[in-house]
Amino acid sequence: MKNAVAFVCGIVFAIGLGLSGMLQPAKIIGFLDVAGRWDPSLLFVMGPAVGIVLAAWAARRGRPTPWGADVPGKGPAVLDAPLFVGAGLFGIGWGITGVCPGPAVTNLAAPSAFTLVACGAMLAGVALSFVRPRRSP
Amino acid sequence: MNWHALAGGALIGTAAAALLVLTGKTAGVSGIVDGVLRGEKGEWGWKVAFLLGLLAGGVVLRVTMPETLASGSPRTLPLIALGGLLVGFGARLGGGCTSGHGVCGMGRLSLRGLVGTVVFMATGALAVFLLRKFS
């Protein structure tokens, strides 16, 4: 049942990515182009996405779930070097490609040289990180 | 125009919230990809199912709204290969990507999520600025 829930959530997530414009690299690059022709519309994606998660989490944090572990709490508030370096490198890659991991996978539904290279390189980058000890998200 | 962004964001939030309250799991895509590639014990099944859902959702989009899928990129393929490597490696080193830090982290009032999001938006803007200036 947990797997079925995850599958359906993946579908809804992907349709949300499509509707919001997150699958379009040019749109992402426009959003990050704050010193040029800035396209702020992706802020309107972030707002409801974060708001809905926050409402659900606030209502259910620490409570049991029907098909898994309890709803997690805030998690550690540790700000360490890997967080800054990793997020920094991720941002550079995001600005170069206009593609983050979710869209890299969903865009494979329309295979092209661009979508295959973007997703393949992202997977290779994740695999490269295996040389480091595991961190929790 | 922004109606689409709001509706899309609401769907993304609904999916992440449902996964969180029904299974206790975080819809952070880079962490999910990581678990699938590693063959992570006890987590592999739902993580594979979520990624298959992302692909199936892409197929739904292709049938119903094909214009929403990427048709190409403003960047060259070698740049995309380099950027993609940074996206995957950086997300794992930093413990999250747009969905993990940005949506699920900030949605749980996580300091790491907030700081990660601010950092990757800043370096992303810097990369876009430099590429526009020097290309």
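1. Helices here are DSSP runs of H or I, at least four residues, numbered from the N terminus. Bear in mind that this is a predicted model, where local features need pLDDT of at least 70, side-chain atom pairs count only at pLDDT 80 or more, and totals for chains, interfaces and linings use all residues. Residues are numbered from 1 along each chain as its sequence is written, and chains are lettered from A in the order in which they are written.

2. Helix α4 of chain A covers residues 81-97, and its end C-alpha atoms are 24 Å apart, which agrees with the 24 Å that 17 residues should span at 1.5 Å a residue (1.5 Å times one less than the number of residues). Of those 17 residues, 13 are buried (20 or more other C-beta atoms within 10 Å of the residue's own, C-beta atoms being placed from the backbone).

3. Now the chain contact: chain B puts in 105 residues and chain A 103, counting residues whose C-beta atoms, placed from the backbone, lie within 7 Å. On the chain B side, α1(B) gives the largest share, 21 residues. That side has 61 nonpolar, 36 polar and eight charged residues (nonpolar: Ala, Val, Leu, Ile, Met, Phe, Trp, Tyr, Cys and Pro; charged: Asp, Glu, Lys and Arg; polar: the others, Gly among them).

How values were computed
Contact = placed C-beta atoms within 7 Å. Helix = DSSP H or I, 4+ residues; strand = E, 2+ residues; numbered from the N terminus. Buried ≥ 20, exposed ≤ 12 C-beta atoms within 10 Å, placed from the backbone.
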